[in-house]
Amino acid sequence: MTVDRMTQSNPEPLLSLRDLSVRFRMEGGRTVAVDSVDLDLAPGEVLGIVGESGSGKSQILYALMGLLASNGEARGEACFDGQDLFTLSPRLLDRVRGSEISMIFQDPMTSLNPFMRVGDQLAEGLIVHQGMSKDAAKAEAVRMLDRVRIPDAASRARRYPHEFSGGMRQRVMIAMALLARPKLLLADEPTTALDVTIQAQVLDLMAELGRETGTAIILVTHDLGVVARLCDRVMVLYGGRVMEEAQAEALFDTPSHPYTKGLLAAMPRLETELTPRLGTIPGTPRSAGREVAGCPFVARCEVRLPICTTARPTLRGVAGLEPSRRTACHLTGAPA
Amino acid sequence: MSLLEARNLGVGYTIPGAGLFGAPRHLPIVHEVSLSLQPGRTLGVVGESGCGKSTLGRALLQLIPSSAGQVFWQGQDMAKIPNLRRRRSEMQIIFQDPIAALDPRMTLGKIVSRPLATFEPELSKAAARARAVEALQQVGLSADFADRYPHELSGGQAQRVGIARAIVGRPKMIICDEPVSALDVSIQAQVINLLMDLQESMGLALVFISHNLAVVRHISHEVMVMCLGRVVEKAPRSEFYARPLHPYSKALMDAVPEPDPRREKGRVGTALPGELPSVLNPPKGCVFATRCPLAAEMCHNSRPLLREVAPERHVACHFVEGA
């Protein structure tokens with residue numbers, strides 16, 4: 001499906017990252033959080049970026065939005081709709097953010113202004129970015145709240161964020177993000193703080209709205225289940241580097257990187273046959289640190305070779321797997 | 001005889017009354033919970049936020065007073081056990097946030113051996129330290145961890161220390177309150193496996209409290225589903241997961257995203273509508289009636305009792321027939 005979109009209707013990717021790195025200046029040196037990530041996202045595509053803590057998954061989104069901490073720096077190219085986000089003037093970047101790219105966060109409460117009525121917060125963006133009149137913007141805000149299934153939207157719009165439940169707040173955030181009809185929605189662990197039944201509602205909503213508006217989504221999550229429900233394509237990140245990339249079904253059917261395999265084996269499931277013990281990956285996730293010469297996963301990898309500590313595996317096709325697969329592993333990533 | 005038994009346990013908190021001068025009122029959180037736990041077994045308690053699962057866990061240890069019913073430890077009413085503090089070596093608890101559960105100013109050796117000062121005051125300092133080191137090793141941490149401090153630990157290591165502290169007094173049971181929820185997937189699996197290994201080697205009974213149905217499936221022998229402070233279903237693990245009977249259990253099961261795109265893509269659009277009702281204002285009838293796809297008028301008016309519909313299978317739903 002995604003491939004069709006790329007090749008037929010729109011050959012240009014909406015977003016393409018080249019050699020994206022995010023570094024932080026720290027006491028005692030530089031820390032690399034994201035290390036040479038390449039990515040192409042087609043219009044309307046839903047991409048999942050999966051990783052554990054410290055994998056750098058959220059920093060990719062922060063870099064795109066210009067939201068890195070003050071000691072952080074993004075390098076490389078982030079070409080969005082023909083313009084490099086990293087070289088845009090602050091004024092132009094402001095115009096892109098909030099109208100063409102929107103972002104939602106894990107904790108909706110800290111993203112909403114507690115002193116402002118929800119409807120007014122929604123309308124603000126329309127007034128500022130699209131020059132709508134106050135009344136028209138408020139009416140549009142109510143329509144959008146209704147669209148994300150906030151019951152009794154007109155009267156809810158006059159209430160404050162603390163009067164909303166966690167799930168409703170996240171739906172308000174989605175409404176806010178989609179009001180400007182962005183081409184790209186960045187979602188950073190949007191359902192992690194929610195109960196499962198509410199998470200299911202929010203995921204449904206994102207799937208539906210993405211389909212209807214043609215908004216492309218990058219969903220950052222630690223939850224492979226959430227990825228399976230929502231994403232067309234998946235990118236697995238470890239220690240700031242892409243370990244594996246594939247269409248969602250293919251990745252879950254035939255994971256090829258030892259880290260992806262390990263993650264899938266470690267997940268307890270509802271429907272597969274029970275094993276006496278879960279699969280494990282020894283050790284703890286690598287957090288951002290100094291650049292490494294070899295593969296960042298090497299310390300935890302059970303099939304490592306001597307070369308893995310000295311040479312960085314490149315992301316490449318895998319013999320015997322579908323052509324769109326990319327894996328960064330000396331052992332499995334033999335050229336297709 | 002059961003190791004732990006609860007009979008019609010009720011727990012509540014006192015909350016401020018309405019307005020400035022309103023009298024404080026009692027807010028019931030857990031209602032009429034009965035359960036029993038055998039040595040070496042795991043009871044999984046699952047439910048969404050506000051269902052009372054953590055409150056139940058604390059009440060089972062009588063760390064908070066119950067407002068109704070009784071808890072029995074090896075047949076003895078816990079309210080009447082003399083010197084309960086010392087008996088607590090037999091029943092321990094571990095928490096969700098492993099780092100917050102550790103005193104940042106103490107070495108891990110001190111943290112882990114500390115309970116022994118209460119449980120076995122006759123133990124010498126050196127002997128207590130040796131026991132702490134032994135416990136650390138049992139959870140997979142080397143002896144040199146005894147001289148480290150909590151800030152040096154990752155989340156997974158901190159949870160291991162929490163477990164070491166729980167087992168140092170050689171307990172018969174551990175209440176595990178969301179012990180893996182804050183951990184990365186790869187670490188979560190390590191900790192679950194560790195708990196299962198310890199259960200086997202020490203004959204531990206576990207009460208495993210979690211919002212995660214898949215984790216509960218992996219570790220539990222019996223499963224109890226709670227909703228708004230009430231047990232809506234209780235069943236042996238394999239029967240429960242093969243065929244959940246209560247509509248709420250089914251809804252929970254459907255909502256859990258599995259790492260299987262074929263299953264998941266078919267589930268888009270099936271989410272249960274509605275919000276969890278507020279604990280402050282619970283529905284009059286069935287706790288799930290406001291969101292239940294099967295709800296009829298009777299469900300809004302009369303509360304279904306938890307009844308045995310098949311051997312060992314208990315469900316609180318007007319519509320579930322004997323199975």
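This is a predicted model: local features need pLDDT of at least 70, side-chain atom pairs count only at pLDDT 80 or more; totals for chains, interfaces and linings use all residues.
Q: Let's start with chain B. What order do the strands take in its 8-strand open sheet?
A: The order is E6-E7-E8-E3-E9-E10-E12-E11 in chain B, and the pairing is mixed.

Q: And which strands are at the edges?
A: Strand E6 (91-94) and strand E11 (307-310) of chain B, each of which pairs on one side only. Neighbouring strands in this sheet are turned by 20° against each other on average, direction ignored.

Q: Take E10 and E12 of chain B: parallel or antiparallel?
A: Antiparallel: strand E10 (residues 230-236) of chain B and strand E12 (residues 313-315) of chain B pair over 2 bridges.

Q: Which residue is the bridge partner of B:Lys234 in E12(B)?
A: That's B:His314.

Q: What about H6 of chain B, which strands does it lie across?
A: Helix H6 (residues 185-202) of chain B lies across E3, E6, E7 and E8 of chain B. Relative to E8(B), H6 runs at about 160°.

Q: Switching to helix pairs. At what angle do H3 and H4 of chain B cross?
A: Roughly 115°, with the axes of helix H3 (residues 108-119) of chain B and helix H4 (residues 125-138) of chain B coming within 8 Å. That angle makes H3(B) roughly perpendicular to H4(B).

Q: Is that crossing left-handed or right-handed?
A: H3(B) and H4(B) make a right-handed crossing.

Q: Which residues meet there?
A: On the H3(B) side you have B:Gly109, B:Val112, B:Ser113 and B:Leu116. They meet B:Ala128, B:Arg131, B:Ala132, B:Ala135 and B:Leu136 in H4(B). Sorted by class, the contact of H3(B) with H4(B) has 6 nonpolar, 2 polar and 1 charged residues.

Q: How do H4 and H5 of chain B cross?
A: The axes of H4(B) and helix H5 (residues 155-167) of chain B come within 8 Å and cross at roughly 130°. H4(B) and H5(B) are therefore oblique to each other, and H4(B) passes H5(B) in a right-handed crossing.

Q: Which residues make the contact?
A: B:Ala135, B:Leu136 and B:Gln138 come from H4(B), while B:Val161, B:Ala164 and B:Ile167 come from H5(B).

Q: What does UniProt list for residues 15-253 of chain B?
A: The unreviewed UniProt entry lists them as "domain: ABC transporter". Over residues 15-253 of chain B, the chain is 37% helix and 23% strand, with the end C-alpha atoms 33 Å apart.

Q: On to chain A. What's the strand order in its 7-strand open sheet?
A: In chain A the order is E6-E7-E8-E3-E9-E10-E11, with mixed pairing. Strand E6 (101-104) and strand E11 (326-327) of chain A stand at the edges with a single partner strand each, so one side of each has no neighbour in the sheet.

Q: How many bridges join E3 and E8 of chain A?
A: Strand E3 (residues 46-50) of chain A and strand E8 (residues 216-221) of chain A pair in the parallel sense over 5 bridges. A:Gly48 has A:Leu219 as its bridge partner in E8(A).

Q: Which strands does H2 of chain A touch?
A: Helix H2 (residues 57-65) of chain A packs on the sheet, touching E3, E6, strand E7 (184-188), E8 and strand E9 (233-238) of chain A. The H2 direction makes about 140° with that of E7(A).

Q: And H12 of chain A? Which strands does that one touch?
A: Helix H12 (residues 258-266) of chain A touches E9 and strand E10 (241-247) of chain A, and its direction makes about 100° with that of E9(A).

Q: Last one: how do H5 and H6 of chain A cross?
A: Helix H5 (residues 118-130) of chain A and helix H6 (residues 134-147) of chain A have axes that come within 8 Å and cross at roughly 120°. H5(A) and H6(A) are therefore oblique to each other, and the crossing is right-handed.

Methods:
Residues are numbered from 1 along each chain as its sequence is written. Chains are lettered from A and ligands numbered from 1 in the order in which they are written. Side-chain values use heavy atoms; hydrogens and water are left out. Axes are lines fitted to C-alpha atoms, for helices over the stretch in contact, and angles run from 0 to 180 degrees between N-to-C directions. Helices (H or I, at least four residues) and strands (E, at least two) are DSSP runs, numbered from the N terminus. Angles under 35 degrees count as roughly parallel, over 145 as roughly antiparallel, 65 to 115 as roughly perpendicular and the rest as oblique. A crossing is left-handed if the near helix is turned anticlockwise from the far one by less than a right angle, and right-handed if clockwise. Contact means heavy atoms within 4.5 Å. Ala, Val, Leu, Ile, Met, Phe, Trp, Tyr, Cys and Pro count as nonpolar, Asp, Glu, Lys and Arg as charged, and the others, Gly among them, as polar. Two strands pair if DSSP finds at least two bridges between them. UniProt positions are given in the numbering used here, feature names are shortened, and annotations may be inferred rather than shown by experiment.
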